[in-house]
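Subject: Structure for your review

Dear colleague,

Please find below the structure that I am handing over to you. My notes on it follow, and I would be grateful if you read them with the structure open.

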Amino acid sequence: MKFEHLLRGTEIPYPADLSDLEVTGLTYNSKLVEKGYVFVCMKGFHTDGHIYAMDAAFRGASVIICEEDIDIRSVPVLKVDDSRKILSRMSANFYENRDVPFHLYGVTGTNGKTTIAYMLKSIFETDGGSCGMIGTIRHHVGSKGYEAQNTTPESCDLQRMFAEMKEEGIVNCVMEVSSHALALGKVDDIEFKAAVFTNLTSDHMDFHKDTEDYFAAKKKLFSLTKGAASVNLDDEYGRRLYDELKRDGREAYGYSLKDKKADYFGEILETTEKGSLFQVTEKSDRIELLKVNTPGIFTIYNGLAAAACARSAGYSFPAIRKGLESLKGVPGRFELVENSRGVIAIVDYAHTPDGLEKVLRTADDFKKGRLICIFGCGGDRDKKKRSLMGAIAGKYSDYCIITSDNPRTEKQEAITADIEAGLYETGC
């Protein structure tokens, strides 16, 4: 690709003699640079790409784009205000993905993103359409799979995977969209067919300055969505988002287990440790029965969200029912561990106070003896939630074991002490 085509729409000034420069690749990782690559220096949370610019030049980079002055004279250097934003636009240009030939669905919110993504993927696939997925656990690109380093990859990696999906003839793709990705502009040059908002509770306060900033980031997804929004009306911020979208004349559908006037109103009919059966009333008219194979009211909310989103995209209730029933479970999401000892053992990756409380309250409904909770908190992340999660564990558990969960650069003893502060408040 010619350099001038790579920069289309970026408004970056560059020397005329670079116009016909042939670009062979684009990356923000100096280790991946090859001859003819454009290297983009980005500032991260734990490192700064500018310190790897010389390494990129040594490996054969033809142009370096940066935010700060760097002393490199062997290759052209272009200075910009926001290299991450520029990377997003250049990535879409390089992989020629300005208009992807498949339907892209975005899911955002504090909790429930992964499960809803898996549900939508199952619905689309059981109806006969291929589906890729970008998410917290793993990225699925047709016949290929990638370990997920972040919930939402950098724009360059996203666009590369989209290009692979095009080659494989993928029809749909479901994508978890994090607040970090939205705030940092990773998805600025992507258009979504439809989107889901699950809920918003305290999380990532090490990144966002406050809850309003967190909400503003989540809300940005819907400005990138050309079709319908499916929104949880039982969440304070969800109701607010729904009202704002409707006021702006946008297509939005609310789902609820409380509001009978919601576009999709759910009623729980039966719930066991094996799953739940619930009834959905669509727009106060049509009534359908749906089943999910994971217990808990939060799973019913997720099923309701997936149903609302799929319906907005034109899928029938029989297809939705078949898709939800064929999904036996999601890795790490209230995952039952089979055993021969009669113990109900559950694995869940709950990482927020709200998520942990929902899991423990659901487990409490099915326990046959004591409820034992084993959990930890990651290091170098939102410290405020540690004591809150400790208090929740103490409130709902009969016995609690605090364990390590990726301490990163922090001492595990310090993390444990933060959790214990909340735990001891309950008298546990």
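Two residues are said to touch, or to be in contact, when heavy atoms of theirs lie within 4.5 Å. Please bear in mind that this is a predicted model.

Thr362 belongs to helix 11, which covers residues 353-366. Its relative accessible area is 6%; since buried means under 20%, Thr362 counts as buried.

A second residue to look at is Val63, which is found in strand 3, residues 63-66. Val63 is also buried, and its relative accessible area is 0%. Which residues does Val63 touch, not counting residues up to four places away in sequence? They are Phe3, Leu21, Tyr37, Val38, Phe39, Pro76 and Leu78.

I turn now to the chain as a whole. It contains 13 helices and 19 strands. The radius of gyration is 23 Å, close to the 22 Å that the globule rule gives for 428 residues, so the chain is as compact as a globular protein of that length. Its C-alpha trace spans about 70 × 55 × 45 Å along the principal axes. Of the 428 residues, 53% count as buried. Among contacts between residues at least 6 apart in sequence, 62% join residues at least 24 apart.

Leu120 is in contact with Val107, Val174, Ala306, Cys309 and Ala310, when neighbours within four places in sequence are set aside.

Lastly, the surface and the charges. The accessible surface of the chain comes to about 19800 Å², and carbon and sulfur atoms account for 47% of this surface. There are 56 positive and 65 negative side chains, and the centres of these two sets are 2 Å apart.

Yours sincerely,
A colleague

Key
Residues are numbered from 1 along each chain as its sequence is written. This is a predicted model: local features need pLDDT of at least 70, side-chain atom pairs count only at pLDDT 80 or more; totals for chains, interfaces and linings use all residues. Side-chain values use heavy atoms; hydrogens and water are left out. Helices (H or I, at least four residues) and strands (E, at least two) are DSSP runs, numbered from the N terminus. The radius of gyration is taken over C-alpha atoms; the globule rule is 2.2 Å times the number of residues to the power 0.38. Buried means under 20% relative accessible area, exposed over 50%, partly exposed in between (1.4 Å probe, protein chains only). Accessible areas come from the Shrake-Rupley method with a 1.4 Å probe; for residues, only the protein chains shown count as cover. Lys and Arg count as positive and Asp and Glu as negative; His and the chain ends are not counted. The place of a charge is taken as NZ of Lys, CZ of Arg, CG of Asp or CD of Glu.
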